[in-house]
Amino acid sequence: MHVEIIQCLQDNYSYLIIDDSNNTACVVDPSEAKPIADYLKNKNINLKYILNTHHHFDHIGGNKDLKKRFGSLIVGFKKDSERIPEMNIKLEDNQIWKAENFTAKIIHVPGHTSGHICFYFFENKFAFTGDTLFSLGCGRIFEGSHEEMFASLNKIKSLPSDTKIYCGHEYTLNNSKFCIKHDPKNLNLLKKINVIENKIKKKLPTMPSILKDEIQCNIFLRAKDLKTFSKLRDLKDNF
Ligand code: ZN
Ligand code: FE
């Protein structure tokens, strides 16, 4: 089982989870169909499932086309089935979703949107965090409260520290500038920024991140309480 990172639109990431033992795949948050279809071309990989973390168009834009082309099934949070068209498999919080050799725990993480979920492939230690946890940042709070977002981030924070984190956007470099401004003496952060800058220079994705690094470096995960978190989140909105 391995993950291919597919760049979409301006700064979105979609991810293909490919089971090399039987050439089946899931795609997470296909912003658009073309880059996914281009990757799959001539590869004889069966795109069985489309997994959506939330209903925003830059995460579901490719759903319809891919479904039509590959006969894939759309998988998402049950409470968002009105907002994610043609959803076939409707998931609940804490459910273990199993299909083919894919196994993921569904973690409801409201805040960015009310129906946002994280797909946690615990057997492989992959977490797809959409627009909830970014590398060195977190999503804007559109539909929830600061309290909900803080609780959602804490759910992700409690996963094993060697979990690979796959986020919805390449915002890492800009996020790092906010982190360092408010946490200038964090040596782990300085080290991580060095790695990030090198990757960006080479036009490489900064994904995946490792949860341990996020816990040490991401100022939103370092926030000790709701008040600190809320203040930082508000400052970041105007950064
Ligand atoms: Zn979003
Ligand atoms: Fe997004």
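**An iron site and an open sheet**

H169 is buried, with a relative accessible area of 4%. Buried here means under 20% relative accessible area, with a 1.4 Å probe and protein chains only. D131 also counts as buried, at 3% relative accessibility. This is a predicted model, in which local features need pLDDT of at least 70, side-chain atom pairs count only at pLDDT 80 or more, and totals for chains, interfaces and linings use all residues. Residues are numbered from 1 along each chain as its sequence is written, ligands are numbered from 1 and chains lettered from A in the order in which they are written, and side-chain values use heavy atoms, without hydrogens and water.

D58 (OD), H59 (NE2), D131 (OD) and H169 (NE2) coordinate the iron ion (ligand 2) at 2.1 to 2.3 Å. Donors are N, O and S atoms within 2.8 Å of the metal (3.2 Å for Na, K and Ca); water is not among the atoms, so sites may look incomplete. The zinc ion (ligand 1) lies 3.2 Å from the iron ion (ligand 2), and D131 coordinates both. D131 sits in the loop between β10 (126-130) and β11 (133-134), H169 in the loop between β13 (164-167) and α5 (172-182), so the pair ties together parts that are 38 residues apart in sequence. Helices (H or I, at least four residues) and strands (E, at least two) are DSSP runs, numbered from the N terminus.

Now the sheet. It is open, with 6 strands in the order β1-β2-β3-β4-β5-β6 and mixed pairing. Strands pair if DSSP finds at least two bridges between them. β1 (2-8) and β6 (89-91) stand at the edges, each with a single partner strand, so one side of each lacks a neighbour in the sheet.

Note on methods: Buried means under 20% relative accessible area, exposed over 50%, partly exposed in between (1.4 Å probe, protein chains only).
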